[in-house]
Amino acid sequence: MIPEETKRRFDELTKRYPEKRSALIPILHEVQAKVGHLSPQAIEWVAGYLGLSAADVMSVASFYDMFNLEPVGKHMIYVCQNLSCSLLGAGRLIQHLESRLGIRMGETTPDGLITLKRMECLASCGTAPAIQIDGIYYERMTPQGLDELLDKLRDGRLRQSKT
Amino acid sequence: MAFEKILTRYEDIPNYTGTIDEYIAHGGYHALGKALRQFQPPDLIEAVKRSGLRGRGGAGFPCGLKWGFIPSDSPKPKYLVCNCDESEPGTFKDRMLIEEEPHQLIEGIVISSYAIGCHLAFIYCRGEFVHGARVLERALADARARGYLGKDILGSGFDLDIYVHRGAGAYICGEETGLLESLEGRRGQPRMKPPFPAVSGLYRAPTVVNNVETLCNIPHIVLRGPEWYASIGPSRSTGPRLFSVSGHVERPGNYELPMSVTLRDLIFEHARGIRNGRRLKAVIPGGSSAPVLTEQHLDLTMDFESLAAAGSMGGSGGVIVMDDTVCMVRVGGIVSRFYHHESCGQCTQCREGTAWLHKTLHRIERGQGRKEDLDLLLDICDNMKGKTICVLSDAAAMPIESYLKYFREEFEAHIRERACPFEGKGTF
Amino acid sequence: MPTLRIDGVEITVAANTSILAAAKSVGIEIPHYCYHPGLSVVGQCRMCQVEVEKMPKLAIACNTPVADGMVVATRSLKVQKARRAVLEFYLLNHPLDCPICDRGGECPLQDYTLKYGPGESRSVEEKVQRAKHQIFGPHIIFDAERCILCTRCGRFCREIPKVGELGVFSRGDRSEINLFPGKVLDNAYSGNVIDLCPVGALTSRPYRFQSRPWDLVRHTESICPLCSNGCNIILDVRHRQRGEELLRIRPRENQAVNRWWMCDEGRFSFMYLHDPARLCVPMWRQGDGPVKMAYDDVLLRLARAIRRIIETAGPRAIGCIASSRLTNQELFLLRRFFCDFLSTPHLDYRVRPLQFEESDTSEDSLLRRTDKTANSRGARDLAILPGRGGLDVAGMLKAAADGSLKALFVFEEDLVRDVPDHPVREALGRLDLFVASSMYATETTALAHLILPALGFAEREGSFTNFQGRIQKIHRALTPHLASRGLPEVLRDLAKDMGRDLGEIDPERVWAAIGEMPGPYQGIAWKDIGPLGLSPEGQLGN
């Protein structure tokens with residue numbers, strides 16, 4: 001499930017920490033990026049690698065918002081719904097996304113391309129409202145801006161962040 | 001009255017991109033050399049104490065005092081952890097600091113590590129800061145290559161390595177012991193205190209956890225002296241502060257100012273006032289955990305003491321400005337939703353209370369509130385404060401109490417009219 | 001040693017004692033859920049908050065060490081309000097399951113709510129709904145809505161059997177205890193979570209809907225008979241129209257033996273006591289098969305048979321294989337009958353290799369041991385061993401095979417099953433008189449001329465000595481079948497039929513006789529053995 005060279009990278013990463021367990025969250029990020037989401041098999045792999053029980057790893061993974069334990073679309077669109085962004089139109093962004101994509105926040109488009117997720121403060125309040133697509137921030141968003149991004153996304157012209 | 005920028009002086013350098021060469025060309029890493037050559041660790045701690053530097057993450061705890069708690073004679077390794085989990089709503093200064101001037105932070109970490117005897121430091125960077133983490137990794141590699149990190153730094157005999165450690169999306173990991181739990185590969189659930197991190201922190205060893213901005217101040221204190229630093233701003237809230245101003249202002253952004261600045265000047269002079277010609281209705285001065293203030297508080301100075309005396313707090317310096325189109329009940333709903341989502345779930349009052357507050361506020365907002373709900377909210381808040389492992393419970397309760405204190409009639413209107421008076425015409 | 005006042009009561013305790021433990025030691029109950037003395041302290045439930053003079057906030061008693069001069073109030077108004085609030089928070093999402101919840105009637109949530117909680121609900125919000133009655137494992141069923149997230153179960157599995165099957169998933173009020181998908185809660189100690197769970201979230205599958213606590217007529221203290229550890233237990237008996245029924249077994253706290261725990265095998269394997277296939281009446285083999293007979297007839301016939309063998313072949317033609325399943329009293333009476341009365345030196349209990357000294361070991365570094373009988377140590381201490389020139393178990397079987405042993409008495413041992421490398425069947429087949437006692441028909445009893453029904457441990461009074469040498473009492477929880485007699489009675493009546501007086505057979509008097517003998521138990525009185533047993537150190541004291 002995890003290629004040897006990735007595992008070797010994990011071996012190096014683990015060496016940084018006085019206690020091996022510290023590498024858990026960084027490893028979960030990478031495994032999620034490789035596998036698509038943290039499936040039960042992915043979690044068991046990580047558990048086996050670090051010598052932890054599968055329930056323990058799942059307990060940690062399920063605590064954090066960025067870890068998806070269910071399958072998600074190829075692209076994750078996070079929309080900040082916190083105060084400053086709401087004051088500056090996050091609600092309209094959410095409405096626009098939901099109507100244009102035909103899904104509710106938290107859902108994935110039927111073609112598996114996009115998952116919408118509500119997030120809390122992304123530390124972009126001065127440039128609100130903000131969204132994050134595949135790790136990249138897009139700030140001072142407007143419905144028109146969203147349309148342009150979605151078009152680019154569909155065409156595969158949107159820049160991707162590595163993790 | 002332009003304030004001499006210290007942490008953000010790079011903003012005035014044309015085409016500045018924060019590379020190590022630029023940083024050095026503008027005096028960067030001089031402070032590190034001075035610290036290693038001219039100071040013994042206890043002297044550095046003294047200097048930081050004299051500077052009056054207080055934590056910039058939210059608690060405002062005196063930095064030198066925190067460093068002083070590290071037992072120098074402990075056989076255990078010491079750790080320094082930089083808290084870059086910036087998640088307090090309304091706050092976006094740490095993100096700017098790491099993306100635009102990473103070496104200032106790195107220099108601060110190296111000096112601070114030297115001061116407390118730490119040889120392995122971590123920057124806990126919230127998971128969403130993908131770009132920031134990358135910038136930091138590159139900067140650390142550059143610093144290592146130039147000898148500002150690693151073995152025998154600048155020939156001083158002092159060894160240090162720093163690693164970036166990414167989080168994965170949980171506000172509670174900004175709480176220092178929640179952060180340590182997360183760094184150890186666990187759920188970010190805060191620990192019971194005592195023991196405090198200085199005694200039993202990362203891997204149960206003596207640890208200092210400092211905010212990004214706090215650490216960025218350290219090189220300047222070393223370079224220009226604690227007395228100079230202490231002369232900036234009010235005597236008990238010294239040094240420059242980055243205020244993140246957002247919401248209904250003309251010019252949202254980070255403003256580096258002394259804490260003697262008034263709320264009025266911050267909003268109306270620096271951030272150019274309320275946009276669209278509207279009136280100020282409410283302002284949260286220190287991140288969403290801070291109780292709300294109103295027009296009557298505009299002449300308060302933005303130091304920790306004054307804000308606390310007025311019933312709020314300096315907190316993270318996140319200033320959220322709301323005009324008169326804002327429904328405060330809706331604000332309550334948004335803020336309570338946040339704490340409901342972010343509670344780690346350990347303590348009964350917080351786990352159940354944050355949900356109860358949110359559900360009640362949401363119901364009032366929807367026009368299904370009852371008269372008894374307002375006093376119920378206040379009692380729930382009272383039952384949530386001061387009784388849990390960490391203060392997220394208090395952070396959830398106190399803002400709600402303040403919205404009821406200053407805007408009770410708005411809540412009553414929702415209950416009476418069974419509708420939101422701003423429906424269809426407010427900012428939301 | 002710090003001295004402090006709790007609710008006006010002055011006490012002095014060891015340094016580092018928690019306020020909770022200090023209060024408990026003077027009988028002051030501070031309500032709590034997440035704290036358990038056998039597990040790590042997490043301070044999450046917030047129930048044990050108390051007021052400490054000079055501390056601005058309430059402190060949690062489980063994690064606050066006492067200090068000299070401390071003044072603690074556990075019932076102040078501030079504490080009452082805080083406690084009531086915690087209970088109110090718990091009840092917000094707690095389902096109104098009491099009528100169908102096994103915990104009802106012995107539930108700390110009910111009890112504390114009654115004592116300290118609000119009388120009504122102030123919430124009009126929808127309760128969070130979760131999956132009900134999820135099978136977690138062979139013994140455990142989980143009702144998620146009832147869970148109060150005290151995390152005792154997860155901590156137990158991680159810290160005691162050290163298998164981390166249970167985890168808390170998600171965060172905040174979405175937190176839920178669960179298993180990793182596809183996994184099962186089946187570690188050897190899983191049943192302890194039933195005791196630990198303060199509510200009816202984790203309950204026993206076999207016990208589900210069986211009884212209400214107030215219908216349990218008897219809570220008898222006893223000792224688990226299934227290995228040499230001798231875990232201290234309580235037998236909960238319900239009276240039904242069809243008769244008494246042992247419905248569940250729970251551990252008793254004994255720090256020296258089993259701490260607070262017991263293994264699943266001991267906890268759940270007791271249904272055999274009510275198995276209708278159990279033998280209840282003696283059976284004498286006649287012609288083709290065994291025929292039920294009344295005790296009086298059986299024992300007369302047996303007495304005659306024994307006399308005949310002694311007359312024709314001498315007492316050394318008789319052997320007795322006792323069992324480490326028997327109580328100390330039963331073993332003592334056996335020795336009196338066979339060695340003192342019949343004068344045979346052939347007596348032994350060591351059927352399995354593990355029963356030879358030092359061979360019994362810990363099976364899992366927790367409680368379970370490799371010797372699966374309760375009283376090997378007692379048998380050894382009472383010298384249930386061959387006399388001068390006597391044969392051990394192997395010797396008796398050999399002598400039976402070659403015809404020199406004419407009569408063999410085997411008590412509660414299935415030799416065919418447990419002595420596999422001997423030609424046991426042939427040996428037993430050659431005997432003129434083979435008497436076997438057992439709870440069930442076995443391959444061994446199939447070869448016997450006389451089968452005597454044996455009682456279960458829950459039907460006897462007496463004592464076992466565990467592997468540590470601790471003497472522990474067992475008490476009768478169930479009335480034996482009307483037609484059955486216990487071993488002491490059988491031996492007494494058999495002795496009478498042979499013109500001998502076995503003496504008093506009640507456990508205390510037999511123990512007195514044991515106490516008069518030289519040996520490890522000399523001088524120990526029955527009353528010296530308390531509910532937690534009598535350790536070897538305690539025995540030396542006598």
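The expected span of a helix is 1.5 Å times one less than its number of residues. Keep that rule in mind for the first two views of this predicted model.

**View 1. Helix H16 of chain B is a bent helix.** Helix H16 takes in residues 392–417 of chain B, 26 residues in total. If straight, a helix of 26 residues would span 38 Å, yet the end C-alpha atoms of H16(B) span only 33 Å. Look for Phe407(B), where H16(B) bends by about 90°. Just after the helix comes Arg418(B), with a positive phi of about 55°.

**View 2. Helix H7 of chain B has the span its residue count predicts.** H7(B) covers residues 130–145, and because its 16 residues at 1.5 Å a residue should span 22 Å, the 23 Å between its end C-alpha atoms agrees. Several of its residues are buried, including Val130(B), Leu136(B) and Leu140(B). The buried residues of H7(B) pack against helices H1, H5 and H6 and strands S2 and S3 of chain B. After the helix you will meet Gly147(B), whose phi is positive, near 85°.

**View 3. Four strands of chain B form an open sheet.** Strands of a sheet pair through backbone hydrogen bonds, either parallel or antiparallel. Here the order is S6-S5-S8-S7, and the pairing is mixed. Strands S6 (253–258) and S7 (280–284) of chain B are the edges, each pairing on one side only. Neighbouring strands are turned by 30° against each other on average, direction ignored.

**View 4. Strands S7 and S8 of chain B run antiparallel.** Four bridges join S7(B) to S8(B), which spans residues 318–323.

Key:
Residues numbered from 1 in each chain as written. Chains lettered and ligands numbered in written order. Predicted model: local features only at pLDDT ≥ 70, side-chain atom pairs only at ≥ 80, totals over all residues. Pairing = 2+ DSSP bridges. Helix = DSSP H or I, 4+ residues; strand = E, 2+ residues; numbered from the N terminus. Axes fitted to C-alpha atoms, helices over the stretch in contact; angles between N-to-C directions. Bend = angle between axes of the 7 residues up to and from the residue. Buried ≥ 20, exposed ≤ 12 C-beta atoms within 10 Å, placed from the backbone. Contact = placed C-beta atoms within 7 Å.
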